[in-house]
Amino acid sequence: MAQTSSVRVLDSFHVSPPPGSVPTTSVPLSSFDLLWFPLRHVERLFFYKFPHPTSHFIETTLPLLKQSLSLTLQRFYPYSANIMCPQPPGKPYIRYIDGHDFIDFAVAESAADFDHVVADYPRDVKLLHPCVPRLRSAHVNEDGVRVLPVIAFQVTVFPNTGICIGSTYCHAIGDGQSFMQLMRSWTSVYRSVGDLSCLDENSRPLFNRDVMKGPGGDMESDLYNIYRQWLSSCGENSTSTQDLAADKVRATFVLSRAGAERLKHLVTAADDKHQCHISTFVVTCALMWVCLIKSKEIVTNNSSHDDKDKFYHFIFSFDCRNLLGFSIPTTYFGNCIIPGCISIKKSEAIGENGIIFVAKALGQRIKAMGSDWTDNGAKSFEEMTKGQFIGVAGSPKLRVYDTDFGWGRACKVELTHIDYDGATSMTEGRDGQGGIEAALALNNHQMDEFVTIFEQSLKLLSV
């Protein structure tokens, strides 16, 4: 479990749309994009079985990977652009300059044990991070405009066993749906040996901000204030592994479809007024969050009842597509999510029916946001200011395991930026049977307690 990993960088490239295929272009950001500037970059790793030596990859696979990415960027050119952040009252925007802008694309080799790297059991949290690409640092132009690179890729080869395609990108460019549009298109062009015509014309990303209806009012002002405050503090966002605790480990927990259905049944039975949105996502969040609270209380030796009214704050992303008064096309490119937040007393979370209580609270907030997302979104902003919160990244709706370059479905997908802030990441189950996967990083002691509590919870729920 103490094994860490290092990689040897073999080469690096600049990848951009084919010359002349995309004119110099600017695209404004929406108010929904502003919220995500202060957040750490998103780091997502896709692992695949790849039983070939590194030389085979470099000679036969790498050229088509670069070519197909370049062709795909004709449609998704904002990823090869920069985000321009002028001083207030200026507003940020995406700018692509033909023949100038590009994506950093690195190739590396790892001597680590591939099966250990993609395992579910607790491993050293630093094990995955050598596969994470480094995004170029922001810089400030002479006119005071801060320039943010958008994305970087790194392909790491584990000779004769596997391959990892890693990405690091700025959340302000777009949400997980937008990123997965890029990935699905890239894999399609790769599988078609560089034939861009394989992409459906109806799947072109939509950059038109006119289809977006901003929140307006105080919430709109709050979003611009978040951007202004971030810009005034320079907006530097380090992703150094120096921030990772030496005794931290990372693990993945799987909730089967049957287990999720059992939990949903229990929550539904307790929701006699039908006030909750009940889903696999909701019950999995409740299960993970309650296990987190209980394990934290144990390792901090906090058995006192004096703080039973202490609040824990939980944050999640709420997808506003189709809830803005008119339909937002699924191909819309950008951020279309806002944070939702619930606050739960410690005594309620660790009580006998804590999982059901938390699931009901989360389901009620999601249902309320579906009815009036602006008012409830404002309430979430207010609750987020009350203290530290536990977050969740990713979504099973993204279908990340369907990302197939022709080597088969991904055998593991990880979000590594959660290792710094204590969040939980979620994806659909890799077996495609309707389950869900949740990963998190904790110190060794708390992880041991978490594993025990998680397994006990499943047994008590007869799942």
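Tutor: Let's start with strands: two strands pair if DSSP finds at least two bridges between them. Helices (H or I, at least four residues) and strands (E, at least two) are DSSP runs, numbered from the N terminus. This is a predicted model, where local features need pLDDT of at least 70, side-chain atom pairs count only at pLDDT 80 or more, and totals for chains, interfaces and linings use all residues. Residues are numbered from 1 along each chain as its sequence is written, and side-chain values use heavy atoms, with hydrogens and water left out.

Student: Which residue in strand 18 is the bridge partner of Arg-250?

Tutor: That is Ala-441. Strand 18 (residues 436-443) runs antiparallel to strand 12, with eight bridges between them. Strand 12 also pairs with strand 7 (residues 123-124), again in the antiparallel sense, over two bridges. There, Arg-123 has Arg-250 as its bridge partner.

Student: How many residues of strand 12 are buried?

Tutor: Buried means under 20% relative accessible area, exposed over 50%, and partly exposed in between (1.4 Å probe, protein chains only). In strand 12 (residues 248-255), seven of the eight residues are buried, so the strand is largely enclosed by the rest of the structure.

Student: How many disulfides are there?

Tutor: A disulfide is a pair of cysteine sulfur atoms within 2.5 Å. By that rule, the count is zero. Cys-170, for one, is in no disulfide, and the nearest cysteine sulfur, in Cys-85, is 7.7 Å away.
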